[in-house]
Amino acid sequence: MVIKTAKYNVYKDGRKLLGLADSIDMPEITARTEDTEVPGGTISVPIPGQFEATEMTIPFQQFFGDIFSMMNTRETVALTLRIANEAVNGAGNISMVPTRISVVGIPKSISPGSYKNGTSTGASVVIGLHYLY
């Protein structure tokens, strides 16, 4: 049973530490639908295996890499979120359980945030998703 998320790091191409963050909202994944005429009206029918365009905002507490190198909108970017969760194991002890989420897509925007001693940057990256796994 997971108690809480301890921390997570964001890596570019799976290896290069890009930054730290404290929270992330996973995107809503919605099936693509098609309107179909039926006697008495129109209904929306899901198209199997297809999804609406989805984007994901990744907020950063601090950057360590060159965040602006991701702004080539002709190339996809591969980010890996490595999450450390505190969980209670079968013996009742608290242990760390790793989780990895891979995000591949086209960068849509970068907000560099602001810098002040002792605070997080408030920076973020918006990715138009191709893959989320």
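**Exercises on a predicted model**

Valine 45 is partly exposed, its relative accessible area being 34%. The structure is a predicted model.

**Exercise 1.** Determine which nonpolar surface patch contains Val45.

*Solution.* Step 1: locate the residue; valine 45 belongs to strand E4, residues 41-51. Step 3: name the members; Val38, Ile43 and Val45 make up the nonpolar patch, and together they have about 200 Å² of accessible area.

**Exercise 2.** Classify threonine 80 as buried or exposed, and list its contacts beyond four places in sequence.

*Solution.* Step 2: apply the cut-off; buried means under 20% relative accessible area, so threonine 80, at 8%, is buried. Step 3: read off the contacts, leaving aside neighbours within four places in sequence; threonine 80 touches Asn9, Val10, Tyr11, Gly14, Arg100, Ile101 and Ser102.

**Exercise 3.** Find the salt bridge in the whole structure and state which parts of the chain the pair links.

*Solution.* Step 1: a search of the whole structure gives one salt bridge. Step 2: the partners are glutamate 55 and lysine 108, with their closest N and O atoms 2.8 Å apart. Step 3: glutamate 55 is in strand E5 (residues 55-60) and lysine 108 in strand E8 (residues 94-111), so the pair, 53 residues apart, links distant parts of the chain. Step 4: glutamate 55 is partly exposed, with 42% relative accessibility.

**Exercise 4.** Identify the strand that gives the most to the lining of the largest pocket.

*Solution.* Step 1: the volume of the largest pocket is about 200 Å³. Step 2: its lining includes Ile29, Phe51, Leu129 and Tyr131. Step 3: strand E9 (residues 123-132) gives the most, four residues.

Definitions and conventions
Residues are numbered from 1 along each chain as its sequence is written. This is a predicted model: local features need pLDDT of at least 70, side-chain atom pairs count only at pLDDT 80 or more; totals for chains, interfaces and linings use all residues. Side-chain values use heavy atoms; hydrogens and water are left out. Patches are made of residues with over 30% relative accessible area and no salt bridge: like charges are joined within 9 Å, nonpolar side chains (Val, Leu, Ile, Met, Phe, Trp, Tyr) within 5 Å. Accessible areas come from the Shrake-Rupley method with a 1.4 Å probe; for residues, only the protein chains shown count as cover. A salt bridge is a side-chain nitrogen of Lys or Arg within 4 Å of a carboxyl oxygen of Asp or Glu. Helices (H or I, at least four residues) and strands (E, at least two) are DSSP runs, numbered from the N terminus. Buried means under 20% relative accessible area, exposed over 50%, partly exposed in between (1.4 Å probe, protein chains only). Contact means heavy atoms within 4.5 Å. On a 1 Å grid over the protein atoms alone, a cavity is a set of points where a 1.4 Å probe fits but cannot get out, and a pocket is an open set with protein on both sides within 12 Å along at least five of seven lines; lining residues have an atom within 4 Å of a point. Grid points are joined across faces, edges and corners, and a volume is the space filled by probe spheres set on the points.
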